[in-house]
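Please keep the structure in view while reading.

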2 protein chains.
Amino acid sequence: MAPYVSLAFGGSRSGRRPGALDIVSAIAAQILAGRQTLAGCRLPPIRVLAHRLGVSKNTVSTAYDELKARGLIESRATRGLYVAAATEARKAPAPRSLVPAPAFKPAPDLTSAAPRKNGPLQLGSVFIDPRLLPRQRLSACFRAALKRPSLADFADPQGFPPLRAAIARRLRERGIDADPDHIITTVGSQQVLDLVSRSLQAGPIATENPAYQLGKALFERNDVALLGLPIDPFEGADLERWEKVIAAQRPSLLYLTTHFQNPTGYSYSSAEIARILEWSSAYGFGILEDDWGSDMLSYSEFTPCLRALRGDNVLYMNSFTKKVLPSLRIGYVLANQATTPALLATKRVSIGSCPAIGEAALCEFLEQGYYDAHMLTLQRELDRRYRHCLDLLRHHMPEGVRWTAPGGGPVLWVECPRSVDLPELAVRLRDKQVLLPFSDGAFFGVPHLHGFKLGYACLTPAEMQRGIEAIAVELQRTLGGACSPTSPNGDCAPGREARARA
Amino acid sequence: MAPYVSLAFGGSRSGRRPGALDIVSAIAAQILAGRQTLAGCRLPPIRVLAHRLGVSKNTVSTAYDELKARGLIESRATRGLYVAAATEARKAPAPRSLVPAPAFKPAPDLTSAAPRKNGPLQLGSVFIDPRLLPRQRLSACFRAALKRPSLADFADPQGFPPLRAAIARRLRERGIDADPDHIITTVGSQQVLDLVSRSLQAGPIATENPAYQLGKALFERNDVALLGLPIDPFEGADLERWEKVIAAQRPSLLYLTTHFQNPTGYSYSSAEIARILEWSSAYGFGILEDDWGSDMLSYSEFTPCLRALRGDNVLYMNSFTKKVLPSLRIGYVLANQATTPALLATKRVSIGSCPAIGEAALCEFLEQGYYDAHMLTLQRELDRRYRHCLDLLRHHMPEGVRWTAPGGGPVLWVECPRSVDLPELAVRLRDKQVLLPFSDGAFFGVPHLHGFKLGYACLTPAEMQRGIEAIAVELQRTLGGACSPTSPNGDCAPGREARARA
């Protein structure tokens with residue numbers, strides 16, 4: 001069907017009702033001005049134009065008759081009135097698309113680690129098993145939230161105020177002197193990285209090498225220069241290298257994931273943090289602390305964050321997304337009096353405000369105590385899965401393979417001997433419906449690690465067993481197997497733990 | 001309370017259970033390395049460290065005793081164990097904040113036109129009266145959506161697939177050949193502007209002068225060069241000026257609001273669009289069409305959009321936010337095969353994905369037919385408010401004041417004689433609890449219009465009457481009043497409509 005034509009009526013724009021001749025002259029002028037494009041377009045039905053102009057249908061009908069008489073519009077059977085083509089244009093219809101496509105930057109390759117139902121096992125996911133998430137409770141909170149009269153009003157661009165107050169209360173319980181006026185909610189923690197990197201006057205941003213991959217991709221797309229600071233999940237931060245890079249390149253901001261850094265699963269010690277704090281003062285860089293991981297750890301109230309240690313210039317970020325429900329996507333940043341306005345302005349121009357319905361539901365979830373109860377249950381289950389994962393690694397991994405023991409949480413790192421061809425291993429595992437995560441894109445240059453993350457939060461113990469057994473069988477092809485994956489108790493070789501330590 | 005200290009245990013990181021002496025040496029090394037920062041921090045309780053390391057409480061207790069004996073940690077009454085300060089450091093505690101604040105760009109002044117309950121009348125809001133919005137229906141849709149099993153899974157970064165399919169069906173009914181694979185959902189239509197402007201290889205972006213103000217602020221924050229193309233809500237686009245600017249400055253993209261442009265309330269005619277399409281081909285710019293306004297107009301199915309007229313290179317954007325519930329914040333952009341990947345990559349790095357719960361609820365709302373029913377009711381009510389607003393203007397406005405008659409929808413433009421001091425008028429109205437919208441920041445340079453937008457979608461007829469009467473009283477002080485705002489039928493002077501037309 002041909003599109004309709006939009007008509008302008010200068011006269012009607014000043015409140016006066018036009019007569020039939022006003023309508024004729026306005027339409028005629030527009031058809032003559034744009035005939036090549038408009039030929040074949042439909043005129044609005046009589047009742048529609050009459051409604052719009054506030055005139056009778058007779059007036060419009062009279063006007064259309066006159067336009068037909070002038071050869072500017074034509075009837076087509078029962079299908080309405082059309083703009084008539086000029087005689088010479090009838091044979092050559094205008095090309096369908098005259099408009100060029102805008103020239104966009106090339107799209108980076110962003111592979112997703114989100115597991116799919118009935119898909120292959122995703123061994124590297126840092127998501128939490130959806131079966132452990134409180135869907136029923138959250139559903140009740142949505143019902144309660146939708147009754148809040150304030151939701152029909154207009155969102156606070158900074159975030160639903162009762163939610164900001166609830167978050168501030170929780171942070172104060174963890175030793176952070178948080179003011180709700182300095183909290184800005186975001187669409188997941190990813191948006192915190194976006195707001196901060198776009199609000200910076202200048203780069204570079206320094207971050208871990210290997211980096212959180214989607215953050216690195218974001219900073220690159222935002223044209224912010226990046227510095228990689230090497231960490232090793234067994235040895236920690238290479239502080240000597242760090243200071244050299246920082247002294248030479250002078251980052252404006254250091255983006256650190258203090259607990260369960262993705263992909264290494266590393267958590268910083270306070271001694272490391274103390275050195276970093278000294279440098280931030282000596283070399284003049286700000287700090288953005290990503291604390292997504294800590295509260296998945298049992299007794300996480302005893303793991304202090306940087307913000308608690310060193311005051312309110314540290315930008316602190318966290319998220320409820322993975323822990324409550326991925327489809328909720330609520331994160332936040334805690335800034336301070338000086339830094340809140342710039343971040344809030346960037347949020348307002350980027351998305352206006354977050355969807356307040358989800359924020360109100362999450363607020364209810366926190367206020368009812370559901371979050372605390374959920375986290376206790378979740379931590380217990382993650383502890384169980386963590387211990388089971390360690391047991392499986394001890395029992396099945398051939399000599400030379402090492403892994404970290406982060407004490408719980410969602411993810412650890414497995415390091416292989418250099419003789420293992422990781423891409424080939426991944427291909428062979430894919431044939432068994434097991435996906436090994438690749439973090440090559442997370443490194444700056446040649447990777448100094450030779451392994452993969454192993455996420456135990458997303459897989460049931462049975463799934464994890466299948467995954468680790470599959471890896472072990474393949475690794476034994478390369479490394480030779482001291483240990484059979486099907487050995488009854490799995491504990492087949494003395495000295496295994498010492499070996500793992502090597 | 002002092003913060004806790006995070007401890008690293010290299011040994012435990014490779015799966016072996018550490019002994020008491022391993023714990024002592026690891027903690028001692030970390031305290032000695034970071035003593036200045038760590039002094040006064042608390043040690044984690046024994047049961048916590050025992051849990052983390054997978055050792056007995058006795059082992060940790062033995063280690064802590066040894067550290068006390070070495071003077072590295074100390075007991076404080078019943079309050080636990082603390083890192084002991086070195087003797088010389090005891091008197092000079094470390095300053096509370098060593099970390100510099102990151103240097104952010106200055107925050108622009110973004111005043112909000114969102115009406116507040118019990119606040120003053122906001123005459124320029126383009127929001128819709130919350131009393132007209134379908135909260136009950138939407139609440140039912142949230143309940144239904146939360147039962148969808150797919151919501152516990154991981155969001156599709158492009159948007160909830162059934163919602164994209166439902167949007168594509170609606171667009172096809174309006175003559176747009178839309179493929180769900182080319183639709184990307186966003187946090188309100190504001191995010192479409194963000195994604196498009198950040199995906200562009202280069203500017204400038206051309207847009208209306210006066211511009212949609214939050215869009216202009218966004219492009220400026222994104223460091224995209226801007227061109228203003230003058231429009232006049234009475235005369236339309238100044239096409240002669242447009243072509244001069246376009247030919248000289250060569251925009252890469254033209255951002256147009258084809259219906260109810262904010263702030264002018266202007267809708268383009270097909271003849272204007274035909275000229276713009278010719279130029280897009282001749283001068284090689286892409287087009288981003290913002291169609292937020294059209295479906296608030298009765299019979300809007302007869303107002304074609306640019307995308308329908310000229311094929312799939314036009315980027316088409318729209319939003320459900322204002323029309324369904326502001327706290328929902330769901331918009332979308334329809335791109336094509338070539339342009340979708342870049343926009344999707346920018347979305348993924350910016351926010352990951354939108355909250356899928358709201359998308360699933362909106363999908364339900366569309367699929368159940370609630371949206372169509374709601375829009376019919378809404379359009380009827382907006383028509384009523386529009387006609388009432390026109391009646392009030394005709395009856396109360398003094399000579400020399402003009403206004404547009406867009407035929408319905410949410411907003412029109414009122415233009416005053418230059419002799420009216422608009423800032424002074426605004427001050428006097430504010431004293432009467434009536435807020436006149438200021439669009440000065442929307443113009444490029446000196447405003448060529450001298451008036452304000454009047455939004456009738458957000459105000460009840462009684463509120464609108466109070467607002468217009470207040471304006472009329474104040475304008476009569478300047479212009480002299482031919483017409484008393486309290487005149488019984490308001491229709492006090494012959495020739496009023498002809499005057500309004502001048």
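## Strand pairing

In this predicted model, Arg402(B) has Glu415(B) of E13(B) as its bridge partner. The two strands involved are E12 (residues 402-403) of chain B and E13(B), which pair in the antiparallel sense over 2 bridges.

E13(B) also pairs with strand E15 (residues 451-455) of chain B, in the antiparallel sense and over 5 bridges. Here Trp413(B) stands opposite Lys453(B) of E15(B).

## Burial of the strand

Is strand E13(B) buried or exposed? In strand E13 (residues 411-415) of chain B, 5 of the 5 residues are buried, so the strand is largely enclosed by the rest of the structure. A residue is called buried when its relative accessible area is under 20%.

## Contact between the chains

Chain A and chain B each bring 141 residues to their contact. The area buried between chain A and chain B is about 12600 Å², and carbon and sulfur atoms give 60% of this area.

Between chain A and chain B there are 2 salt bridges. One of them joins the side chains of Asp194(A) and Arg198(B), at 2.6 Å from N to O. Polar contact across the interface is found for 36 residue pairs. On the side of chain A that touches chain B, helix H12 (residues 340-351) of chain A supplies the largest share, 9 residues. That side of chain A consists of 76 nonpolar, 39 polar and 26 charged residues.

Notes: Residues numbered from 1 in each chain as written. Chains lettered and ligands numbered in written order. Predicted model: local features only at pLDDT ≥ 70, side-chain atom pairs only at ≥ 80, totals over all residues. Heavy atoms only, no water. Buried < 20%, exposed > 50% of the residue type's maximum accessible area, 1.4 Å probe, protein only. Helix = DSSP H or I, 4+ residues; strand = E, 2+ residues; numbered from the N terminus. Pairing = 2+ DSSP bridges. Contact = heavy atoms within 4.5 Å. Buried area = accessible area lost by both parts, 1.4 Å probe. Salt bridge = Lys/Arg side-chain N within 4 Å of Asp/Glu carboxyl O. Polar contact = N/O pair within 3.5 Å; in protein donor to acceptor, adjacent residues only side chain to side chain. Nonpolar A, V, L, I, M, F, W, Y, C, P; charged D, E, K, R; others polar.
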